[in-house]
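Subject: A structure for you to explore

Hi there,

Here is the structure I promised to pass on to you. Have a look at it first, and then read on for what turned up.

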Amino acid sequence: MEFLSFSLLLLWLLQLISAQMVTEPAEVTALNKIIEHWNLGRKLNTTIDPCTPGLPWAPENANPRVGCDCNNNTCHITHLKIYALDILGEIPKELFQLKKLMDLNLGQNVLNGTVPAEIVQLSDMQYLSLGINNFTGQVPPELGKLTKLKSLSFSSNNFFGQLPKELGNLASLQQLYIDSSGVSGPIPQEFANLKSLQILWASDNGFTGKIPEYLGTFTELKDLRLQGTLLEGPIPSNFGALTKLDNLRIGDLSGEDSTLDFLENQTSLSILSLRNCRVTGQIPERLGKFANLELLDLSFNKLTGQIPLSFRDFPLLQYLYLGNNNLSGELPVNIINTNLIALDVSHNPLSGNLPPNFAKVGLSMNVIGTSINANSLADENALEMLQCLQGNKKCSNKLPSSSFSIKCGGTKQTSASGIEFDDDSEKLVAASFYTSSDHKWAVSNTGNFISNPNGPRYIANTDSQITGTLESELYKTARISASSLRYYGLDLKNGKYSVDLHFAEIAMEDSLSWKGLGRRIFDVYIQGERVLQDFNILKEAGGSKKALVKTFEANVTNTIMEVHFFWAGKGTCCIPYQGTYGPLVSAIHATQGQASDVSGSKRDKKRVGVLVGIAVGCAAGIIVISSVFYLWLTKRKKNTPGHMRVFTDSPKDNLVN
């Protein structure tokens, strides 16, 4: 009896073994080659069948992950995730032997080279993520043959050229992430076939031409982002059909003006940003009925008329940005609702008084450049000076100065050359301004970092040593902004000034990790003239945590100097974390004539030359002075301590012409 029981048990075990699922041998071989190529042997055990149930890389939240589909005693690898593991190198050809792949996630690595045309072999692919890598070349048109794709991402890469028209064949595509991918040129007309799209992120690319009207037929769209491109307006009127939109961000348009007429039934919107879009006309009252709005940004446009009274009815609105328009009249009395966190109406010809509840806890307001009676928000003398910014009032000098120096985002410091940089550590938030205690300068900030996991941060700092400078401490803090950061020199003597702008990239890395793939790009205006366009600190300084100084000339005619750092929608948004973008500046020093650290050295050399000239006689003195001056210049060029100074003319280019 015992022998019979043992025999039955043995037979059952043999049947179990014979029926055990095994992975297709060719796929196992290919996977082992991939693991070897990307040096993942410590994370994936190549001696075990990859589809064996219960292995640590099988669950959906595993990383790396290998997922399988098993039937008829054979398993196929259908899911491969190698996410944010800093894998290097190109895509190995063995990857395309996994022909049953449905989900491939290679995001947030440092993969380079081109995306091979052989990717067409993965015909079952539904979810493909190649975003945040270092891929180059053109986007392969073969992607257009993966017609089962539901989600495609190749954002934050270094592709070039136009988008392949073949992508218009992806009729099942629901999500397309191509922001900061490097592509340019017109958006293909064939994309009109992508009517299943729910998410389209296409910001920070070199797209040209007008915003395609066919986007207005994508009635399933919930999230559309088109900021920082070369696209031209107007915003198509048929966008009114996009009634499922939850998030609409369009910005930085050129060409024809746009209106807000298309905003009719987009009542599902929670984020509406039409910043710097050449929007004209009045703000429609019906916007106040968009009950789900949490952020509304209509800044840097050409809007006229009064702020609608209906804006007092927003039940959920937290951020309202209306600055840099031509809005007039008074603020609606009840515009500050229960949830409002930030209200910016700066640089508008508004007047009247602050709303009665302007002192609500947690609220920040920016009314700089208006005629609103805001003595309760700032010093009366400072506001009087800042009202000159409207241009319809002449400023008067009370205690005129010929310089100002600011340690942006940090405490008072004295540089190695003796310049005293004022304390600028005051907390600025999503819509705020601050005036220094001696009324020599003011600072204004507008914008908030949406979805920043670190919360609202408007000062960057580091404990690392800053290279390329003798005064590292000057660069260890910096002001940052999600939209617009302005510094004003006040009560200045009229005349020409030299302006030193100090930069060091202290928030982005330049490491070999995917965290080193970020690009911060912004513009700088001085006295309304753009002096830096598409400025990338890390690129120009030659790395992160390296000092860089840019020097410009500016003319003061009405006692005020404005230095404006402006984000025009360009650069990556989410490296090394979401909300990493926008202008950053470490310090500002402005003085009449040449910068003091340069002119002081020149004066010292001249004195030496004069003494030598007196000693040896007039003729010999000329020779000695010339020699000393030549040697000084040569030595200075060789021994400059890493500060790179660039003297540039300032082309006139206003934000909205």
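Let's start with one side chain: lysine 244 has a relative accessibility of 38%, so this residue counts as partly exposed (buried means under 20% relative accessible area, exposed over 50% and partly exposed in between, with a 1.4 Å probe and protein chains only). Its partner in a salt bridge is glutamate 220, with the closest N and O atoms 3.0 Å apart. A salt bridge here is a side-chain nitrogen of Lys or Arg within 4 Å of a carboxyl oxygen of Asp or Glu. The two residues sit 24 residues apart and link distant parts of the chain: lysine 244 lies in the loop between strands E15 (232–233) and E16 (247–251), and glutamate 220 in the loop between strands E13 (206–208) and E14 (223–226). Glutamate 220 is partly exposed too, at 29%.

A word on the source: this is a predicted model, in which local features need pLDDT of at least 70 and side-chain atom pairs count only at pLDDT 80 or more, while totals for chains, interfaces and linings use all residues. Residues are numbered from 1 along each chain as its sequence is written, and side-chain values use heavy atoms, leaving out hydrogens and water.

How many salt bridges does a search of the whole structure find? The search finds 16. In general, side chains of opposite charge can pair when their charged atoms come close. Another example joins aspartate 223 and arginine 225, at 3.0 Å from N to O. Aspartate 223 is buried at 10% relative accessibility, and arginine 225 is buried at 14%.

Aspartate 424 and arginine 479 also form a salt bridge, again with a closest N and O distance of 3.0 Å. This pair spans 55 residues, from strand E30 (residues 420–424) to strand E34 (residues 477–480), and both partners are buried.

Now for a sheet. Three strands make an open sheet with parallel pairing, in the order E19-E21-E23. Strands E19 (280–282) and E23 (326–327) are at the edges with a single partner strand each, so one side of each has no neighbour in the sheet. Strands are DSSP runs (E, at least two residues), numbered from the N terminus, and two of them pair if DSSP finds at least two bridges between them. E19 and E21 (residues 302–305) pair over three bridges, and threonine 280 has lysine 302 as its bridge partner in E21.

Happy exploring!

Terms used. Helix = DSSP H or I, 4+ residues; strand = E, 2+ residues; numbered from the N terminus.
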